[in-house]
Amino acid sequence: MEGKTVIITGATSGIGEVAAIRLAERGARIVFTARDTARADATMQKLRAANPSAGHAMHIGDLSRLSEMKRIGALLAAEPKIDVLVNNPRALVNRRTDAEHGHEKTHTLPHTAYLAV
């Protein structure tokens, strides 16, 4: 993975975070999306510890919102190259919550967030 750029959604916990750290340890530069700045900062610290010279990047936004998908999609499209995409957006929503475009949020994330990338 040396020198490869990997885009990961859902990289602040679980499988996404483990994948990000392991790929960084193998030389990849990780660019990830997150909704929560504090969790994103914690993940970034782990990535920098795993591969300090890779120039990892993060983009904060809620991929269940169409406006945020478009904004983050444009930021990701500006990357000079993308070698790998790990599309892993998730949210734990304990009660029905609709996204801005009217679809239920738990359903929206895994089925529409890929539009950003």
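This is a predicted model: local features need pLDDT of at least 70, side-chain atom pairs count only at pLDDT 80 or more; totals for chains, interfaces and linings use all residues.
Where does E79 sit? In the loop that links α3, residues 66-77, to β4, residues 84-86. So is E79 buried or exposed? Buried, because its relative accessibility is 13%, and the cut-off for buried is under 20%. As for who E79 touches, if you skip residues up to four places away in sequence, you get T5, I7, R29 and V31.

Let's zoom out for a moment. The protein has four helices and four strands, and along the sequence they go β-α-β-α-β-α-β-α. There are 117 residues in the protein, and 41% of them count as buried. If you take the contacts with a separation of 6 or more, 62% come from residues 24 or more positions apart.

Now, the inside. In soluble globular proteins, nonpolar side chains tend to be buried together. Here the largest nonpolar core has 14 residues, and the ones touching the most other members are V6, I8, A20, L23, I30, F32 and L47. Which elements give two or more residues to this core? Those are β1 (5-9), α1 (14-25), β2 (29-34) and α2 (37-50). The largest share is from α1, with four residues.

Pick V6 out of that set. Leaving aside neighbours within four places in sequence, V6 is in contact with M1, L23, A28, R29, I30, V31, V84 and V86.

There's also a second, separate core, seven residues in total, and I7, L63, M69 and I72 are among them.

Last stop, G73, over in helix α3. G73 counts as buried because its relative accessibility comes out at 12%. How far apart are G73 and L63? Ten residues in sequence, and 9.6 Å in space, C-alpha to C-alpha. And L63, you'll remember, is one of the residues in that second core.

That's my tour, thanks.

Note on methods: Residues are numbered from 1 along each chain as its sequence is written. Side-chain values use heavy atoms; hydrogens and water are left out. A nonpolar core is a set of buried Ala, Val, Leu, Ile, Met, Phe, Trp, Tyr and Cys residues joined through side-chain atoms within 4.5 Å. Buried means under 20% relative accessible area, exposed over 50%, partly exposed in between (1.4 Å probe, protein chains only). Contact means heavy atoms within 4.5 Å.
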